[in-house]
Amino acid sequence: MKMSPTHESKRVRLQNGDRAEPVEIWKARKFIEEHSSEELSLTRVAQAVNIIANYLSEKFKGVTGVNFVEYVARVRFEKACDLLENGDRRISEIAFAVGFQSLSQFNRTFKKLSGRSPSAFRAAGSRETVRR
């Protein structure tokens with residue numbers, strides 16, 4: 001599933017229609033966003049919101065439509081997009097700053113979610129800025 005870097009992924013659409021998001025999922029998503037640059041595990045997030053990890057995993061997928069690992073990757077991807085568009089840090093610095101454990105993991109995830117490499121994304125952003 002490719003995502004455009006237009007920040008659509010920042011808020012994963014809820015799969016349960018118009019019903020309110022369960023509070024434990026809201027708390028988990030908030031925790032992930034606040035701690036995305038740190039090492040995150042399902043267990044750590046579950047402990048932070050005071051529920052069992054297996055329950056969080058099932059509920060998270062049901063509400064957001066994506067699994068926990070994919071959601072964390074998307075949050076980190078969004079932060080990386082912002083840094084690539086609004087700064088001159090090296091790509092490797094950005095990868096580690098947003099929470100990826102390796103540059104190859106970052107590059108794979110970025111390509112999967114945007115359809116292009118981080119350097120191609122940055123270059124396209126620079127051209128779009130110049131055209132305005």
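Analyst: Helices here are DSSP runs of type H or I with at least four residues, numbered from the N terminus. The model is a predicted one. On that basis, two helices, α4 (68-85) and α6 (103-114), each contribute at least two residues to the lining of the largest pocket. The greatest share comes from α4, which provides six residues. The pocket itself has a volume of about 270 Å³, and among its 15 lining residues V69, V72, A73, R76 and Q105 are the closest to the centre.

Turning to helix packing, α1 (residues 23-35) meets α3 (residues 53-64) at an angle of about 90°, and their axes are 10 Å apart. Angles of 65 to 115 degrees count as roughly perpendicular, and α1 and α3 are therefore roughly perpendicular to each other. On the α1 side the contact involves E24, I25, A28, R29 and I32, while α3 contributes Y55, L56, K59, F60, V63 and T64. Seven of these contact residues are nonpolar, one is polar and three are charged.

The closest N and O atoms of K30 and E34 are 3.0 Å apart. With a cut-off of 4 Å between a side-chain nitrogen of Lys or Arg and a carboxyl oxygen of Asp or Glu, the model has five salt bridges.

Technical notes: Residues are numbered from 1 along each chain as its sequence is written. This is a predicted model: local features need pLDDT of at least 70, side-chain atom pairs count only at pLDDT 80 or more; totals for chains, interfaces and linings use all residues. Side-chain values use heavy atoms; hydrogens and water are left out. Axes are lines fitted to C-alpha atoms, for helices over the stretch in contact, and angles run from 0 to 180 degrees between N-to-C directions. Angles under 35 degrees count as roughly parallel, over 145 as roughly antiparallel, 65 to 115 as roughly perpendicular and the rest as oblique. Contact means heavy atoms within 4.5 Å. Ala, Val, Leu, Ile, Met, Phe, Trp, Tyr, Cys and Pro count as nonpolar, Asp, Glu, Lys and Arg as charged, and the others, Gly among them, as polar. On a 1 Å grid over the protein atoms alone, a cavity is a set of points where a 1.4 Å probe fits but cannot get out, and a pocket is an open set with protein on both sides within 12 Å along at least five of seven lines; lining residues have an atom within 4 Å of a point. Grid points are joined across faces, edges and corners, and a volume is the space filled by probe spheres set on the points.
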